[in-house]
Amino acid sequence: MPESLEEKELLSAIGALETRRGVLGDAVVDTSIAALRQKLQQLQAERGKHTASRQRKQATVLFADVSGFTSICSGNDAETVTDAINSLWEALDSIIISRGGTVDKHIGDCVMAVWGTRGVREDDAVRAVDAALAMQETAPAISGGSGGLIPPFRIRIGIHTGPVFLSDVGTTGEYTAMGDTVNMASRLQNLAPLGGVRITRETWKHVKNRFLFSPMEAVKVKGIDREVTTCLVEARKPGGCLGLDTSVLGVQTGMAGRREELETLLNHFRAVSRSGGYRMDTIIGEAGIGKSRLLHEFRTRVETEPGRVVFFNARCTPGMEDTPCGVFRDILRISAGVLENDSSRAAMEKLLGFMGGYVPREEAARACFYAGFNTSPAGFAHTDRDAIPGREALAGFFRAVAERETVLLYLEDLHWADSVSLDLVGEIASSKGKGSLFALCLARPPLLLSRPNWGKGVPGTTLRLSPLSPSELEGLVRSILRGVGSLPDSLVGMIVDNSDGNPFYAEELLKMLAEEGVIDLQKGVVNTGSPALRGVPTTLAGVLQARLDSLSEDERRVLQAASVVGRVFWDLTVGEICGTGAGEAITGFLSRAEHRELIRRLERSAFAGSGEYLFKHAILRDVTYETVLLRVRKKYHRLAARWLMENAGDRTVEFQGAIAVHFELGEDWPEAVKWLSEAGDSAVVTSGYTQAVSLYTRALSVPGEFLGNSRRARLLLKRGAALEKLSRYPEAMDDLEQVLELADEQGDPGLSAEALSTMAWIATVTGHRDSAREYAFRARDFAEESGEMDLLARVTMRMADYEEDQTYGKVLSYFSRALDIYTSTGNENGAATALLNMGNVALAFRLPREAGGFYRRSMEKYEALGSRWGIANCLGNLGCVASALGDTGEAVENYGKSMEMSLSIGDREGVAICSLNLGDACLEQGSPEKALLHHGLAVRTADSAGIRPLLLAALRGRAQAHLMLGDRARAAVILRSITNDPAMAPGEGERIEGLLQGLDTLPEPTAIDEIVKREAEE
Ligand SMILES: Nc1ncnc2c1ncn2[C@@H]1O[C@H](COP(=O)(O)OP(=O)(O)O)[C@@H](O)[C@H]1O
Ligand SMILES: [Mg+2]
């Protein structure tokens, strides 16, 4: 039987009420909805009687026990007790009903509720858990607000999802759910702690994206002779910030147009979810054109489809460009429920708890470090070398999730994202191998200006959102104004014409007209004679400006303070800036601004103890900010910086960028320089060189009198080093030359040595050996003069390359000198590096025994330091030593160990080298089949890490194995195509020549990419 008309009307009335929460307040809406739902359920039950007299259905069952409530009340007279119990159930039942549940029955101190018995909804379980949390959350308010009638009480709640039988009970027409699912929920309630919500794994599966949980535990359940896997629900997941509020003037709008775009996206997503694979779609469009709206509709559709999906989301804001990996920090923060004012330790526990479900904790820790959390995983040297495994670990986390479920990555406003994050999104989305992941990126057109190649080489499409057509826009306007009796066409026409297809403009114009009294939706009338209709602002900014002008002085001041904080802000920060503290006044102004649909309060706040708000649109924030007087702006920014400093606890490192921006805009130059330069240093640690350059540049541009020459020289040195990493050599040299001058003026030889050492390196890679040599020797002289021993050691090692007398003894002497220095200063890490280099020198001079001695000593030190990168390196090299000594067995063993370790820290270079060596060892042992496997892995890893010399060597290995297996043609194609490649490693050329000579006919060369595709097999 289909829904009756009356039911439909009730449903739409409920929907309409939902959208007016902002205006009416939750209390009013909840009560009204509860009443409507009760009526609805009656109707549905009537209808259901004819169809569902005994049915099996999938349902979620909730048992809540107000443990001993009746006995708490005892001592009062019977009437008071009855009143108390009745009002208690009224309050709790209405929570259930307002979330779409049915109260099945009350048994003593217990209520049983069911979701899904009348028309299954995809999110039944989510609603049930949400109701459970709401019951726990409102319990104190229920007794507090009862004027002493309801004594304080605590609830235990158990929830389970599974099949239930529905059957009529007696003649009342009521029916009840029965069966094992019901029993399980009831038993689970007994096992819940006071104030807690315990759910089974079955329920968890349906709600896991929406809440945070304690770890799973197996519990013994009375009457059920197996252990049941359960967990406790801890909180709602703070992902609420992404949701879009789609109501305008309190009227819920449907999406105008965009059907085709939506279907395209849904199809792409479904293909990924069905057949696996990685994909990235990008939506490009001007501000306000409807990108977020399209995403919102997509989410609504996808999240109600069955399937195992995990969502991640982040929204970029201006200023994020300079925070390397900032987008991923936000994704992890939101998914793991980390609060910005959690301690480092608490944050880490949440992150590892969440990520540890998919990857080893150590990997998770590396990933978090790379993403910018203030964490210090064990064995972490905090040098930029660790950035490589960190980056791999972060990408690896998403792949690990994608192997288990379909991952949806929602990334909004990517035109403000930092380059590290942008690269990483592309890298993740072009993963090969197992898993399914769909990234949906939204951005304004400038993204394509700064990244013309965005999306190239990544499976996926880029959609451009065009303006809505006049008729689509007209439909939207008319639907918002549907309550107006006789709507003048001229008014609609004016709005549509002015909007130019931008729905945001249309909406804001409507709100402006309502504020100016032209439109009155309450009364359903339009005043076409209003002077406000003359000279309507034609730009979006103009309309928003007009809306701000109509605010009271105080309201505007509060919003202005908020705009200084950013698109997302907190009432406490705003209170601090306004000098009033959070207080009622601020909250009052904010809630009025919310009613005007200027801002929105978010469900969860990133700062505990403080309400989080969002400007409804980025443009609105910008326009508000523009109205702040320059003088006031400075003061506000300084206050915002101080607030962040004081509230981020031991995690200020993570806010360096934001704090720096506030001090910069606040023109507090000494603080700005300090924070910019620290933010730059943090960026370097995670390989965010582009961001580092930008931050150092900003620090260098503060007014001269606040900088001082010595600070200036340090900043230039750091910027020069970062530029070198980006291969921007001429700029780097410019900076370093300036450092030399300043160092000279200040008589700081250490500084000169540092600069010259980097200059020597640049000269080498750009092919100027003579200058390189000169720089290197000058660097050493300065280092000696400075008396900074570690610096001297570093510079000395670099000089070995430029020694004219390239004999073993001479070359080795540079490293042994460095070793002596490091030993005398007690720098164990330095000593280990020197010894590792000495081993490499010995091996290059074909002295494997000596090399072995150095590597073993180096490894001992790395072991003491816990540096797995160092250990893996030594082990691999010890394999080469064994191989050179003819002990292939030991070589293989060492390569294997090194490989394992390289894999565990995500060092792709290490993995590629080890698998190449393993393959070569197999060739020597005469096992070409095994060699094929190892060389195959080497090809894949070297290719993905972009290390061409290793890739070529690995391909050579594959060719050699094919030859041994008799596939001469396949070997010939490979060899012919890689011979003469300029990136060939020394020694490989001869090997290839040798192999080619054994072949008589040679094919035409093939593109390396083609060959790689063929040879990268498992
Ligand atoms: N196709 C549409 N139909 C109805 N309303 C829309 C449509 N596109 C956008 N809107 C509304 O316009 C406003 C701005 O859209 P939004 O998606 O936030 O823009 P963008 O993300 O492109 O800057 C929102 O209130 C949104 O609900
Ligand atoms: Mg948007």
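Tutor: Helices here are DSSP runs (H or I, at least four residues), numbered from the N terminus. By the way, this is a predicted model, where local features need pLDDT of at least 70, side-chain atom pairs count only at pLDDT 80 or more, and totals for chains, interfaces and linings use all residues. Residues are numbered from 1 along each chain as written, chains are lettered from A and ligands numbered from 1 in written order, and side-chain values use heavy atoms, without hydrogens and water.

Student: At what angle do α17 and α19 pack?

Tutor: About 30°, with the axes of α17 (residues 470-480) and α19 10 Å apart. So α17 is roughly parallel to α19 (angles under 35 degrees count as that). Axes are lines fitted to C-alpha atoms over the stretch in contact, and angles run from 0 to 180 degrees between N-to-C directions.

Student: OK, new topic. How many residues surround ligand 1?

Tutor: 18, and the closest are Ala256, Gly288, Arg293, Glu507 and His617. Being near takes a heavy atom within 4 Å.

Student: Which helices each supply at least two residues of that shell?

Tutor: α10 (291-302) and α19 (503-515).

Student: And which polar atoms sit by ligand 1's oxygens?

Tutor: A polar side-chain atom of histidine 617 lies 2.7 Å from a ligand 1 oxygen, and a backbone N or O atom of lysine 291 is 2.8 Å from one. Polar contacts are N or O pairs within 3.5 Å.

Student: How much of ligand 1 does the protein cover?

Tutor: 95% of the 560 Å² of accessible area ligand 1 has on its own, by the Shrake-Rupley method with a 1.4 Å probe.

Definitions and conventions. Polar contact = N/O pair within 3.5 Å; in protein donor to acceptor, adjacent residues only side chain to side chain. Parallel < 35°, antiparallel > 145°, perpendicular 65-115°, else oblique.
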